[in-house]
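Reader: I'm new to this one and would like to learn how to read it. Could you walk me through it?

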Amino acid sequence: MAALHDRSSQHRSRLLRRSGGFAVVVLMSGCAGEQSALNPAGREAEWIADLFWWMAGGAVVVWLGMVALTVYALRGGKSANPKWFIIGGGAIFPTVVLAVLLVYGLAMLPPLIAPAPPGSLKIAVTGEQWWWRVRYQPAGEQEVVLANEIRLPVNEPVEFELDSPDVIHSFWIPSIGGKMDMIPGRKTRLTLNPTRTGTFRGQCAEYCGTSHALMAFYVVVMEKAEFARWLEQQRAPAAPAAATAQLEMRGRDAFFTNGCAACHAIRGTEANGVVGPDLTHVGSRVSLGAGILPNETSAFRRWIEHTDKVKPAVLMPHWNMLPPEELDALAAYLESLK
Ligand code: CUA
């Protein structure tokens with residue numbers, strides 16, 4: 001009987017260890033990935049992650065101290081002079097700990113909002129409902145407009161100038177650093193230094209309306225030469241649809257006959273609308289619909305046909321009245337805009 005009991009308690013403790021290990025793995029896997037402040041890929045994100053770990057560690061120490069004192073009190077332990085417990089533990093200790101944390105945390109702020117060194121890459125990002133207007137402003141060169149995607153050279157400072165035409169958004173790339181509010185009528189600044197190449201996800205971090213949670217974007221950090229090539233390619237006008245690509249030619253016609261050009265620009269064509277995202281190289285982006293759909297022909301079609309379902313309350317109307325062939329053609333044309 002004792003042996004049986006032993007075995008079942010061993011089994012229980014093994015189970016507990018395993019499930020404890022599983023919980024830790026699950027918790028830690030939440031720290032990895034493309035959108036995690038605890039998986040830093042930028043100098044400022046490293047600072048923020050350090051701050052988090054110091055605060056978490058400090059909180060554990062304080063908690064253990066409180067548990068120890070509680071156990072001591074419950075066992076009838078007596079302090080030499082309770083007054084010192086109250087003054088020391090109730091006033092001096094928290095004041096010192098919070099003051100240290102405050103100074104440590106606040107010291108990170110000035111470099112985040114300081115201008116990047118002269119000649120650094122500048123990118124203006126405007127929070128729209130619910131997408132991101134992105135304008136590269138290379139020193140001495142004409143700006144390059146795109147949407148919902150930001151590419152950065154690794155180990156180079158970048159200065160973001162942020163604003164919004166109507167409501168408050170918050171620009172946040174957890175892995176690279178942030179976040180910063182985008183406020184109508186005001187320009188805010190965020191200077192970051194990506195330290196690792198890769199693809200990361202950004203997300204609006206301030207409730208801004210119905211589809212706030214669907215307002216994301218991708219950030220691709222590249223080697224410097226690769227980034228320069230990419231920016232040149234983004235600067236170029238859209239390549240004309242090949243005369244042999246009949247579906248794409250039909251899609252191009254559908255784009256203009258249905259009035260898409262009133263809201264969207266495609267450089268190199270007559271389309272020069274500024275209400276919606278610039279589509280010049282939309283087929284080359286990581287995602288569609290501001291970080292919520294994969295960039296593929298079927299997703300283009302789904303977006304155009306059901307904007308209202310994919311992103312509720314979005315300003316772009318749905319086009320489910322178009323014949324299926326026309327939707328297919330439009331999707332093929334947009335996907336071809338690499
Ligand atoms: Cu934009 Cu929330």
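Author: Helices (H or I, at least four residues) and strands (E, at least two) are themselves DSSP runs, numbered from the N terminus. A word on the source: this is a predicted model, where local features need pLDDT of at least 70 and side-chain atom pairs count only at pLDDT 80 or more, while totals for chains, interfaces and linings use all residues. Residues are numbered from 1 along each chain as its sequence is written, and side-chain values use heavy atoms, with hydrogens and water left out.

Reader: In strand 10, which residue is the bridge partner of E149?

Author: That's Y218. Strand 4 and strand 10 (residues 216-222) pair in the parallel sense, over five bridges. They belong to an open sheet of three strands, ordered 4-10-9, with mixed pairing. Strand 4 (149-153) and strand 9 (198-203) are the edge strands, each pairing on one side only.

Reader: What is the strand order of the five-stranded open sheet?

Author: The order is 3-2-1-5-8, again with mixed pairing. Strand 3 (144-147) and strand 8 (188-192) each have a single partner strand, so one side of each has no neighbour in the sheet. From one strand to the next, the twist averages 25°. Inside this sheet, strand 1 (residues 121-128) and strand 2 (residues 131-136) pair in the antiparallel sense over six bridges, and E128 stands opposite W131 in strand 2.

Reader: Now helices. How do I check the span of helix 3?

Author: The expected span of a helix is 1.5 Å times one less than its number of residues. For the 25 residues of helix 3 (residues 82-106) that should give 36 Å, and the end C-alpha atoms are 35 Å apart, which agrees. A bend is the angle between axes fitted to the seven residues ending at a residue and the seven starting there; helix 3 bends by about 35° at G88.

Reader: How do helix 2 and helix 3 cross?

Author: Axes are lines fitted to C-alpha atoms, for helices over the stretch in contact, and angles run from 0 to 180 degrees between N-to-C directions. Under 35 degrees counts as roughly parallel, over 145 as roughly antiparallel, 65 to 115 as roughly perpendicular and the rest as oblique. The axes of helix 2 (residues 43-74) and helix 3 come within 11 Å and cross at roughly 170°, so helix 2 and helix 3 are roughly antiparallel. Contact means heavy atoms within 4.5 Å; among the residues that meet are W54 and M55 in helix 2 and F85 and F93 in helix 3.

Reader: At what angle do helix 6 and helix 9 pack?

Author: Helix 6 (residues 246-257) and helix 9 pack at about 100°, with their axes 7 Å apart, and are therefore roughly perpendicular to each other. The contact includes L247 and F255 of helix 6, and Y333 and L334 of helix 9.

Reader: And which strands does helix 5 lie across?

Author: Helix 5 (residues 224-235) lies across strand 1, strand 2 and strand 3, running at about 90° to strand 3. Helix 5 also lies across strand 4 and strand 10, at about 140° to strand 4.

Conventions:
Two strands pair if DSSP finds at least two bridges between them.
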